[in-house]
Amino acid sequence: MDNNFLVVENISKSFGDNKVLENINLNISKSEFFGLLGSSGSGKTTLLRILGGFEKPDTGRVILDGTDITNLEPFDRPLNYMFQSYALFPHLNVFNNLAFGIKENFTQKEIEINVRDIAELLSIEHLLKRRIKQLSGGEQQRVALGRCLIKKPKLLLLDEPLAALDKKLRSKTQLELTTLQKKLKITFVFVTHDQEEAMSLSDRMAIMKNGLILECSSPEEIYENPKSLYTANFIGIANIIEIYKKGENFYSDDLGINFKLNKELKNIKTNILLRPEKIKIQSINNLKTSSFNSFSGEILEKSYLGSFTRYEIKIKNMIISVLDQNFYSNSNYNFPKGEKVICSWESESIKVLED
Amino acid sequence: MKNKLFEKYFVLSPYFWLVLFFFIPLAIIFKISISVSEWGMPPYQDIFLFDNGFKINTTFENYVYIFSDYYYIGSFVNSLILALISTFFCLLIGFPLAFYIATSNIKLRNILLVLVVIPFWSSFLLRVYAWKIILQNNGILNVILLNLGITSEPLQLLYNQYAVIMGIVYTYLPLMILPLYGYLNKFDLNLIEASKDLGLNRIKTFFKVILPLSVPGIVAGSLLVFIPVVGEFIIPEMLGGSDRLYYGKILWEEFFVNRNWPGASALAFSGIIILVLPIVIFQILYSRWSQKNEI
């Protein structure tokens with residue numbers, strides 16, 4: 001696949017003394033749904049605004065479909081930007097909001113056809129005569145999306161597209177957004193601080209921190225094989241354990257147990273990641289602790305989450321999180337607080353963090 | 001219960017003010033305007049006579065008099081034109097300024113707002129008098145122009161309608177800027193970016209987004225400038241010449257020079273009706289329109 005559809009090259013940006021972006025490089029392919037994930041102050045929104053043309057980068061270039069758009073004004077760029085607040089025009093009704101960007105170049109009839117088509121696509125035909133204030137949050141989001149899509153942009157930028165919706169509506173809209181994107185084959189780049197949202201929407205995503213891109217890969221890859229400690233902690237729940245080489249195996253002082261890894265380590269000392277759902281939890285009566293990749297501990301906290309139960313298990317100096325799928329409907333299969341249990345995992349589940 | 005009563009009267013107090021200092025004087029003016037004039041003190045007859053039984057002594061002569069003489073109507077038209085031109089220039093200068101203030105950062109914004117209000121700290125009369133000194137034949141402006149060789153003899157800058165317009169725009173500009181600022185301050189700047197993103201350049205964005213959404217501020221500021229300028233007396237008196245007569249001046253002359261109180265009252269009362277009635281109608285229509293459009 002041609003992954004040079006959108007090229008971000010050495011972009012840096014400072015506001016006064018504050019360095020917001022430092023030497024950002026990205027390659028995004030055509031029809032890709034790309035997420036920029038980071039906490040506030042990571043520079044993700046500034047990067048999106050540079051793509052939209054609302055900020056000028058200090059250095060670097062933005063190339064879209066072979067054209068350098070770095071110095072183009074927003075109104076000359078073949079892309080559209082969906083604002084977090086939606087920025088719908090309060091003095092216009094839904095029809096005129098949708099038609100806003102195409103009024104110049106189309107006849108009245110063409111405008112009407114285009115608006116009907118886009119309204120049908122987003123199932124908002126019944127709202128066309130409404131004022132913006134008469135719309136719910138979800139309806140406003142659709143109008144904002146429609147106002148951009150009607151222009152058939154090469155690239156759609158979305159700033160926190162779901163942040164203003166309530167939780168239930170959010171997951172429904174997430175699904176609709178991915179379906180829509182796959183159908184229209186428009187390249188989407190969006191910004192979010194919500195890791196779940198980033199993972200469910202993105203084909204690939206970039207993790208940003210302090211103006212840098214730490215990692216850029218598919219959600220699966222970033223979750224399963226994070227490169228940095230920051231990413232491991234930022235995405236999902238993470239048990240981070242410090243280990244060092246001891247004879248054939250590796251040893252953790254905090255847990256007082258041996259680890260067996262199926263790969264060699266560069267450093268003598270390193271951090272490893274063990275995701276909570278990779279740990280099997282069993283009753284102590286069932287089997288004995290093995291000499292490596294398992295431990296026995298005491299359940300300190302327990303929270304029942306419906307499909308899962310989350311346990312906090314204390315062993316020596318550390319508390320390890322474990323997610324156990326509630327496979328049986330009988331609650332007796334849950335372990336009570338204070339119970340001694342055995343936890344074990346496969347060697348492949350141990351991920352070495354490089355930094 | 002007692003508190004509620006207090007609250008009720010407290011809320012109503014602006015209306016007491018309005019009745020005491022606007023409606024009662026207006027009623028007195030109306031009463032004088034329908035009285036018969038005579039030489040004496042006061043220079044008009046009572047409207048109720050009791051000497052040979054009760055008799056109502058009113059006349060509409062005064063209204064006929066002022067409406068049949070173009071001298072009076074003409075001065076009112078001059079004042080309306082002056083107010084329109086001044087309001088236009090106040091808007092032309094005030095809108096970009098208010099927009100700039102509203103969109104600048106908090107620190108700069110507060111400094112600029114203080115700068116707008118500062119002229120109010122000195123007397124209005126002194127400020128107009130200062131313009132007189134600047135614009136007079138041997139004033140500082142003419143001295144500069146002469147020394148730079150731009151003109152060979154002093155320009156007649158004072159005592160004409162242009163000096164009046166300048167003085168009014170200078171004096172009334174803050175009244176335009178402040179209400180405009182109040183509206184533009186709440187303006188969502190994302191709307192401007194959204195408009196540009198959808199392909200409209202700066203000029204089109206101004207006319208399609210910024211201007212329509214600023215209508216309430218423009219209306220408030222324009223009314224605040226337009227209404228008092230129609231009756232403005234001091235500025236035309238000090239900076240104006242004999243090239244144009246304005247309503248305020250004619251009113252003053254009718255009262256104090258000609259001592260024609262009933263005629264002057266008729267003029268004042270007609271002026272108020274002609275000015276206020278369309279504005280009231282406009283306000284009713286406008287509030288309906290803005291409710292419909294939810295601005």
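Residues are numbered from 1 along each chain as its sequence is written, while chains are lettered from A and ligands numbered from 1 in the order in which they are written. Since the model is predicted, local features need pLDDT of at least 70 and side-chain atom pairs count only at pLDDT 80 or more, whereas totals for chains, interfaces and linings use all residues.

**Chain B**

Chain B holds 12 helices and two strands, where helices (H or I, at least four residues) and strands (E, at least two) are DSSP runs numbered from the N terminus. Along the sequence the pattern reads α-β-β-α-α-α-α-α-α-α-α-α-α-α. Its radius of gyration, taken over C-alpha atoms, is given below beside the globule rule of 2.2 Å times the number of residues to the power 0.38.

| Property of chain B | Value |
|---|---|
| Radius of gyration | 24 Å |
| Span of the C-alpha trace along the principal axes | about 80 × 70 × 40 Å |

Of the 295 residues of chain B, 28% are buried, meaning that 20 or more other C-beta atoms, placed from the backbone, lie within 10 Å of the residue's own. Among contacts (C-beta atoms, placed from the backbone, within 7 Å) in chain B with a separation of 6 or more, 69% join residues 24 or more positions apart.

Helix H4 of chain B, residues 106–117, reaches 17 Å from its first C-alpha to its last, close to the 16 Å expected when the span is taken as 1.5 Å times one less than the number of residues.

**Chain A and the interface**

Chain A is divided into domain 1 (6–233) and domain 2 (237–353), with bounds from an automatic or database domain assignment. The centres of these two domains of chain A, taken over C-alpha atoms, are separated by 39 Å, and six residues of domain 1 are in contact with six residues of domain 2.

Between the chains, 20 residues of chain A are in contact with 17 residues of chain B.

**Nonpolar cores**

A nonpolar core is a set of buried Ala, Val, Leu, Ile, Met, Phe, Trp, Tyr and Cys residues joined through C-beta atoms within 7 Å. The largest has 70 residues, and Leu36(A), Met82(A), Leu156(A), Leu157(A) and Val189(A) have the most contacts inside it. Leaving aside residues up to four places away in sequence, Val189(A) touches Ile28(A), Phe34(A), Leu36(A), Leu48(A), Leu51(A), Leu155(A) and Leu157(A). A second, separate core of 44 residues includes Phe95(B), Ile165(B), Val229(B) and Leu251(B).

Key:
Buried ≥ 20, exposed ≤ 12 C-beta atoms within 10 Å, placed from the backbone. Contact = placed C-beta atoms within 7 Å.
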